[in-house]
Amino acid sequence: MTRLLRITWLTAMWVALWSDISIANVVAGAIVGGIVVVMFDTWRPGHIVIRPIAATRFALYFLYQLTVSSLAVARAVVLPRSRIQTGIIAVPLQGCSDGVATLIADAISLTPGTLTIEVRRDPLTLFVHALDVRDIADLQADIRRLEVLAVKAFGNRAALAEIKNASTSVWRSQ
């Protein structure tokens, strides 16, 4: 998407939020849109890849994790105990574009009991807070499986090759 299209889109959103099409709103929206695009232009060109079967696998795995996590959080609420061990873990991601990393971070945050706190770009790492961290390696492996499924569903060929070389055991199990 070119800068002009992004500015136009932001201007349209500005006018829609004000619910009034006037010259002042259009000009103000164009100015605000221009400032936002110039100051925060992180758009990286690239094409979107969607593999329907792999995307279905990703969705099913996410729904499974959502169900398991919901039950675990419900159990923690209904049966209060002091043995809950919260923690923050770092999970390095490989082979992820910005869009796939965002998808993974959002999926983690949508899952009850986990929350993506921070994403670092160099090297690409997610910092995840978990409600009950009994085994760090298991939690990292779950997030790694989510990453592999996301890259298989939405990653480009270079990302697929990179993730295949980085983790053959997780790759084969999916």
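This is a predicted model: local features need pLDDT of at least 70, side-chain atom pairs count only at pLDDT 80 or more; totals for chains, interfaces and linings use all residues.
Contact here means that heavy atoms lie within 4.5 Å.

When its neighbours within four places in sequence are set aside, Ser-109 is in contact with Thr-114, Leu-115 and Thr-116. For Thr-116 there is also a polar approach, in which a polar atom of the Ser-109 side chain lies 3.1 Å from the backbone nitrogen of Thr-116.

Helix H4 also meets helix H3 (residues 52-78), their axes coming within 10 Å and crossing at roughly 25°; since angles under 35 degrees count as roughly parallel, H3 and H4 are therefore roughly parallel to each other. Phe-58, Phe-62 and Leu-66 of H3 make this contact with Leu-103, Ala-107 and Leu-110 of H4, and by class the contact has 6 nonpolar residues, with no polar and no charged ones.

Ala-150 lies in helix H5, residues 136-154, and it counts as buried because its relative accessibility is 0%, where the class requires under 20%. Not counting residues up to four places away in sequence, Ala-150 touches Phe-58, Val-100, Leu-103, Ile-104 and Gly-155.

For each of the two residues, one pairing across the sequence is listed here.

| Residue pair | Separation in sequence | C-alpha to C-alpha distance |
|---|---|---|
| Ser-109 and His-129 | 20 residues | 9.2 Å |
| Ala-150 and Arg-57 | 93 residues | 9.0 Å |

Definitions and conventions:
Residues are numbered from 1 along each chain as its sequence is written. Side-chain values use heavy atoms; hydrogens and water are left out. A polar contact is a pair of N or O atoms within 3.5 Å; within protein, one must be able to donate a hydrogen and the other to accept it, and residues adjacent in sequence count only if both atoms are side-chain atoms. Axes are lines fitted to C-alpha atoms, for helices over the stretch in contact, and angles run from 0 to 180 degrees between N-to-C directions. Helices (H or I, at least four residues) and strands (E, at least two) are DSSP runs, numbered from the N terminus. Angles under 35 degrees count as roughly parallel, over 145 as roughly antiparallel, 65 to 115 as roughly perpendicular and the rest as oblique. Ala, Val, Leu, Ile, Met, Phe, Trp, Tyr, Cys and Pro count as nonpolar, Asp, Glu, Lys and Arg as charged, and the others, Gly among them, as polar. Buried means under 20% relative accessible area, exposed over 50%, partly exposed in between (1.4 Å probe, protein chains only).
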